[in-house]
Amino acid sequence: MITYAERLARFRELIDTHQRIVFFGGAGVSTESDIPDFRGKHGVFTRDTGTPWSAEEMVSHHFYEEHPVEFFENYKIREGMMKDVQPNRAHYALARLEESGRLHAVVTQNIDGLHQRAGSKRVYELHGSVHRNYCTRCHAYYGIDDFIRLAEPIPHCERCGAVIKPDVVLFEEPLDNEVVAGALQALREADMLIIGGTSLVVWPAAGFVREFGGDAIVLINQDPTGGDRLAEIVFRESIGQVLEDAVPE
């Protein structure tokens, strides 16, 4: 069995020999910031909501339309988890890798904004961000603090009175075309791909890794994924530990 030290040494070698690295990440990147993932043992989608609806259904577009009070009550619980959290070792290591000129882009399924808070500049947020909210009529922008202040029980725009919708992609909603185009271009131009903290089961985002055009894939995830067979190196260790060890200060 290849040891952690051996895998880490090879990971560092790959980083040193590639110039256009892309990181593709999911909820597991932020678990060390105390944000629960979705499908893990203690994930958001595994919890009992205490309602007739599953946690997954409660973040769908039809639920937003049909049960707005319950949708926003549930959404505020998730949003509250993210408001004051801090970036962790994984976020800071990726920001350092970008600063070194080797990391070309971060493509994330997360909506917490922690990559940017850690210092990453080129981030494609496939599922949007809790830090952005827009009026559905006049498109006025509301940050997270104003959104929380107005969300009792449904947030309404102070300018026109229409509902304020979070700029997050719900189930049944399409991804933003501009974000998708940028992410796909980055993956196609990349010479190395690091996949981290994702089960690679959420579509269409999970299919993006198929667009990678380079020669090296490293996968960091605590549980097996459908992408393991594509990776040269697979880590089951903490993503924060692996990235911190691979990208020292």
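**Reading contacts, burial and helix packing**

Trainee: Leaving aside neighbours within four places in sequence, which residues is I164 in contact with?

Mentor: In this predicted model, I164 is in contact with F72, N133, Y134, C135, Y142, F147, L150, P155, H156 and C157 once those neighbours are set aside, contact meaning heavy atoms within 4.5 Å. Residues are numbered from 1 along each chain as its sequence is written, and side-chain values use heavy atoms, with hydrogens and water left out. Local features need pLDDT of at least 70 and side-chain atom pairs count only at pLDDT 80 or more, whereas totals for chains, interfaces and linings use all residues.

Trainee: Is I164 buried or exposed?

Mentor: I164, found in strand β6 (residues 164–168), has 0% relative accessibility and therefore counts as buried (under 20% relative accessible area, with a 1.4 Å probe and protein chains only).

Trainee: Where does H127 lie, and which residues does H127 touch beyond those up to four places away in sequence?

Mentor: H127 lies in the loop between β3 (123–125) and β4 (128–135), and is buried with a relative accessible area of 15%. Beyond those sequence neighbours, H127 touches T108, Q109, I111, D167, V168, V169, L175, V202 and A205, and a polar atom of its side chain lies 3.0 Å from the backbone oxygen of Q109.

Trainee: At what angle do α4 and α8 pack?

Mentor: Two packed helices are described by the angle between their axes and the distance between the axes. Here α4 (residues 89–99) and α8 (residues 239–246) pack at about 30 degrees with axes 8 Å apart, and are therefore roughly parallel to each other (angles under 35 degrees).

Technical notes. Axes fitted to C-alpha atoms, helices over the stretch in contact; angles between N-to-C directions. Helix = DSSP H or I, 4+ residues; strand = E, 2+ residues; numbered from the N terminus. Parallel < 35°, antiparallel > 145°, perpendicular 65-115°, else oblique. Buried < 20%, exposed > 50% of the residue type's maximum accessible area, 1.4 Å probe, protein only. Polar contact = N/O pair within 3.5 Å; in protein donor to acceptor, adjacent residues only side chain to side chain.
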